[in-house]
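Please keep the sequence and the 3D view at hand while reading.

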Amino acid sequence: MKKVFVSGCYDLLHSGHVEFFKQAAQYGDLYVGIGSDETILHYKHHKTVYSENERLFMVKSIRYVKDAFINAGDGIMDFVPTVEALKPDVFVVNYDGSNEDKRRFCEEHGIEYVVLERKPAEGLEARSSTSLKLISCKIPTRLDLAGTWIDQPYVSCLCPGWALTISLEPTFEIRERCGLSTSTRNQIMRIWPYQLPNMDPETLARLVFCFENHPEREGGHISGAQDAIGICVPGLARHYYDNHFWPEKIETCQDEMVLGWLESHLCMISLEPRVPGCSVVRGKDITAPKVQALANAAESCWNAILACDLEAFASSYMASFNAQTAMFPAMIQGCVAPAIEHWSHTDGVLAWKMPGAGGGGYLALVVDDASEFCEKHPEAISLTIRRAN
């Protein structure tokens with residue numbers, strides 16, 4: 001009997017995985033390589049739902065599987081040590097898991113390379129780990145549009161101003177350390193794992209802010225209130241800061257025409273996450289004129305959005321980002337500058353900025369037409385703004 005090998009994470013084990021094992025086992029005795037907890041953390045930038053030992057136990061329990069192992073390698077080719085020890089005759093992958101590196105590796109080792117179409121078992125719904133994560137967790141995230149950093153008193157003390165945020169439905173995989181307030185979102189999920197409670201959004205935001213910034217928090221850093229407000233307050237919001245951690249006032253826009261217009265002109269590009277140890281405040285240069293420029297840009301951005309004026313929106317969005325990076329030049333480091341160089345010269349892109357503190361994560365773009373842009377550039381992420389109940 002031939003030895004057949006497949007490899008994957010199998011974190012949220014579902015019927016699609018079982019059907020894949022069933023199809024692969026038709027080629028011989030099936031052996032499964034499983035990505036380690038450490039590999040998934042570094043490759044997919046998130047912790048596993050189930051530990052490697054739990055995943056190993058579950059995969060071994062499936063009747064189509066002869067045996068399973070935790071892969072000793074790392075990255076997308078973490079299976080190499082397992083394959084070299086097992087010496088399989090056949091390597092089976094799903095169509096969307098196939099790549100030339102795997103194909104070339106199999107050719108070099110004399111292994112038959114088989115690519116299967118992803119399909120559900122007869123009578124069952126198609127499943128994927130990503131879709132299951134999206135189904136199970138409805139906690140939103142936030143995208144800051146303008147005025148970032150004004151929520152820190154050491155900035156607003158020089159000039160008060162607004163921060164603009166939109167609350168986003170989690171319709172895409174929200175990666176850690178990427179500027180979408182995942183630290184605040186993770187704190188929320190410690191209390192409410194799957195969805196926000198049905199209560200006044202501003203009160204909820206204040207509760208989240210206090211919970212995250214508890215007195216015994218290590219390091220003494222206070223997370224900006226725009227994170228909690230941006231997540232908890234639906235639609236488009238702006239919050240006014242004047243030398244305090246919590247804003248003096250919060251204003252919102254729930255107008256469907258405005259929110260739909262915003263969605264039609266915003267998208268994101270995924271970059272590498274901000275690396276551990278990255279300091280975006282190193283080399284900061286905060287002066288009253290620079291903070292005034294930030295405040296002015298945020299005010300202009302709000303007015304442009306309410307007027308659905310694309311040219312003014314792009315201009316003020318860009319002015320806000322330029323004001324941020326004038327104060328915090330380390331926002332643009334690592335993978336950021338090359339990404340800006342590329343996408344700023346792409347047809348249809350009108351403006352760009354880094355969400356949150358920058359240093360990596362995403363590039364948030366203002367574009368002519370988000371639907372057309374995402375269709376032309378499959379790596380672009382379309383956004384859905386969370387509406388009020």
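Predicted model: local features only at pLDDT ≥ 70, side-chain atom pairs only at ≥ 80, totals over all residues.

In soluble globular proteins, nonpolar side chains tend to be buried together.

F313 shows what the surroundings of one such member look like: leaving aside neighbours within four places in sequence, F313 is in contact with W261, L262, L266, C301, A304, I305 and V366.

Five strands make up an open sheet in which the order is 3-2-1-4-5 and the pairing is parallel. Its edges are formed by strand 3 (67–70) and strand 5 (112–116), each of which pairs on one side only, and from one strand to the next the twist averages 25°.

Within this sheet, strand 1 (residues 3–8) pairs with strand 4 (residues 90–94) in the parallel sense over two bridges, and V4 has V90 in strand 4 as its bridge partner. Helix 3, residues 52–60, lies across strand 2 (29–34) and strand 3, and the helix runs at about 165° to strand 3.

Helix 1 (residues 15–24) is largely enclosed by the rest of the structure, because seven of its ten residues are buried. Those buried residues are G16, H17, E19, F20, F21, Q23 and A24.

Helix 10, residues 225–232, is mostly covered, with eight of its eight residues buried; they are A225, Q226, D227, A228, I229, G230, I231 and C232. What covers these buried residues includes strand 6 (141–146), strand 7 (161–168), strand 8 (236–241) and strand 9 (249–253), together with helix 8 and helix 9 (201–212).

T184 is found in helix 8, which spans residues 182–191. Is this residue, T184, buried or exposed? T184 counts as buried because its relative accessibility is 0%, and the cut-off for that term is under 20% relative accessible area.

The side chain of T184 is joined to the side chain of E212 by a polar contact of 2.7 Å.

## S279 in its loop

S279 lies in the loop between strand 10 (266–270) and helix 12, and with a relative accessibility of 18% S279 counts as buried. A polar atom of the S279 side chain lies 3.3 Å from the backbone nitrogen of R282. When neighbours within four places in sequence are left aside, S279 is in contact with A330 and Q333.

## Cysteines without a bond

How many disulfides does the structure hold? The number is zero. For C210, which is in no disulfide, the nearest cysteine sulfur is that of C232, 12 Å away, and C210 counts as partly exposed at 46% relative accessibility.

In the case of C267, the closest cysteine sulfur is in C374, at 4.7 Å, which is too far for a bond, because a disulfide calls for sulfur atoms within 2.5 Å. C267 counts as buried, at 1% relative accessibility.

## Two residues with positive phi

K87 is a residue other than glycine and yet has a positive phi, near 55°; its place is in the loop between helix 4 (80–86) and strand 4. With a relative accessible area of 60%, K87 is exposed.

W149, although it is not a glycine, likewise has a positive phi, of about 90°, and W149 lies in the loop between strand 6 and helix 7 (153–156). At 9% relative accessibility, W149 counts as buried, whereas K87 is exposed.

Methods:
Residues numbered from 1 in each chain as written. Heavy atoms only, no water. Contact = heavy atoms within 4.5 Å. Helix = DSSP H or I, 4+ residues; strand = E, 2+ residues; numbered from the N terminus. Buried < 20%, exposed > 50% of the residue type's maximum accessible area, 1.4 Å probe, protein only. Polar contact = N/O pair within 3.5 Å; in protein donor to acceptor, adjacent residues only side chain to side chain. Pairing = 2+ DSSP bridges. Axes fitted to C-alpha atoms, helices over the stretch in contact; angles between N-to-C directions.
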